[in-house]
Amino acid sequence: MTELRHRGGKDSDPTLQQQPSEDKGSDSELKGEKDVASDGEAKVDPGVPQDDTPVVLNKALSGLSSRWKNWWIRGILTLAMISFFFLIIYLGPMVLMMIVLIVQIKCFQEIITIGYNVYHSYHLPWFRTLSWYFLLCVNYFFYGETVTDYFFSLVQREEPLRILSKYHRFISFALYLTGFCMFVLSLVKKHYRLQFYMFGWTHVTLLIVVTQSHLIIHNLFEGMIWFIVPISCVICNDIMAYMFGFFFGRTPLIKLSPKKTWEGFIGGLFSTIVFGIMFSYLMAGYRYFVCPVEFNNDSNSFQVDCEPSELFQLQVYALPTILESATGWSTVRLYPFQIHSIALSSFASIVGPFGGFFASGFKRAFKIKDFANTIPGHGGIMDRFDCQYLMATFVNVYIASFIRGPNPSKVIQQLLALRIDQQLNIFNSLKAHLTEKGLLPALEGAGA
């Protein structure tokens, strides 16, 4: 192909004959990059993974077959992770946000490390530094937006925070632009294509991991129930699909994941829907879980105390005729949130696994078994959160589309940030509107 390109170039464009050294350099660059890419793919070992099981478990399960040994290891460590999950819920929303940030950083590190290993990019100037710098920039932007939205009164109280909030987007753009210029300055001849590969790799990783982690934080502020129930549905579906597949699986589901079966998929679907309805009923009765997470200016701390909305108040529903004849009940009392939980658990069971299939395809493309070996029997942190990020995006979109209405507190925050003349103008417009509707005299009479 190189000879054809040279021969065609000499015949068609005489200017190329005047730059033989440049052509030679370009060809060697392309050849070098192809060698690096092919070597990188060849050196990813798809063989037997290293056994990272704790010694205690290895000794206790030494008499079992590899199939049952793996079953017990996954089961024990799954229970340990679920226990840790409930512990951080008990510790409150601030700890949850810190855990989300730590998980996000670990997932970013696992994906970026795969890129380094595959493309042998350790020798590229500044690239590891720039990858982490871009992570810092994006987190500064998203967390700055969150602080401005949810801690408005605190920001307005402190002069440095008020300045940072006012120019937050400009500062974020300036930080990103600095990293962009550093990347351009770091470009090295013979490695242009490889460097742009890794630049794209970093940005796609930021899109997948950081953006969706930010949505998890937003879901948490809507009420811890919007954080806990979706995550629990994904966990339940993962466990039940594995259980049904382990004991009853016969029919392969998808080639990307040969161990996934239709029996596991269907069993996980019905189990997760039932779990979602029951778990939602349990949590909807507690204000700690259903109230939005807000910042209390007096105590300078988070509070989760409110009058629950209609979404979390028991309602009477009439059953369809078919269900009435089957159960003998004409009505049932449910929280409206339980109806929404059916949509959440259905997504977690039907669409959520495609996040795992996507991750499986990604790992197969680079001939690796897991993203890392952080959790014995489970792989890396990203192996456990591949479905969670997709679920977080769905929950955020679902809340914005079907649940969230205008937020009076945010409207007031925006009004207080206006000039006095603008506030008076809005007041007069609102007064005229209420008078026209006939509501203002009634309000004045009630006040008298």
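Is cysteine 233 buried or exposed? Cysteine 233 is buried, with a relative accessible area of 0%. Here buried means under 20% relative accessible area, exposed means over 50%, and partly exposed lies in between (1.4 Å probe, protein chains only).

This is a predicted model: local features need pLDDT of at least 70, side-chain atom pairs count only at pLDDT 80 or more, and totals for chains, interfaces and linings use all residues. Residues are numbered from 1 along each chain as its sequence is written, and side-chain values use heavy atoms, with hydrogens and water left out.

Cysteine 233 is in no disulfide (a pair of cysteine sulfur atoms within 2.5 Å). The nearest cysteine sulfur belongs to cysteine 236, 6.9 Å away. Cysteine 236 is in no disulfide either, and its nearest cysteine sulfur is that of cysteine 233. Cysteine 236 is buried, with a relative accessible area of 12%.

A search of the whole structure finds one disulfide. That bond joins cysteine 291 to cysteine 306, with an S to S distance of 2.1 Å. Cysteine 291 sits in the loop between α13 (287-290) and β3 (294-296), and cysteine 306 in the loop between β4 (301-303) and β5 (315-318), so the pair ties together parts that are 15 residues apart in sequence. Helices (H or I, at least four residues) and strands (E, at least two) are DSSP runs, numbered from the N terminus. The torsion about the S-S bond of cysteine 291 and cysteine 306 is about -95 degrees, so the disulfide is left-handed.

| Residue | Relative accessible area | Class |
|---|---|---|
| Cysteine 233 | 0% | buried |
| Cysteine 236 | 12% | buried |
| Cysteine 291 | 0% | buried |
| Cysteine 306 | 22% | partly exposed |

**Serine 131**

Serine 131 lies in helix α6, residues 127-150. At 1% relative accessibility, serine 131 counts as buried. What does serine 131 touch, leaving aside its neighbours within four places in sequence? Serine 131 is in contact (heavy atoms within 4.5 Å) with Phe108, Ile112, Tyr116 and Thr202.

**Histidine 168**

Histidine 168 lies in helix α9, residues 168-186. Histidine 168 counts as buried, at 4% relative accessibility. Neighbours within four places in sequence aside, histidine 168 is in contact with Tyr140, Phe141, Gly144 and Glu145. Histidine 168 and glycine 144 are 24 residues apart in sequence, and their C-alpha atoms are 7.0 Å apart in space.
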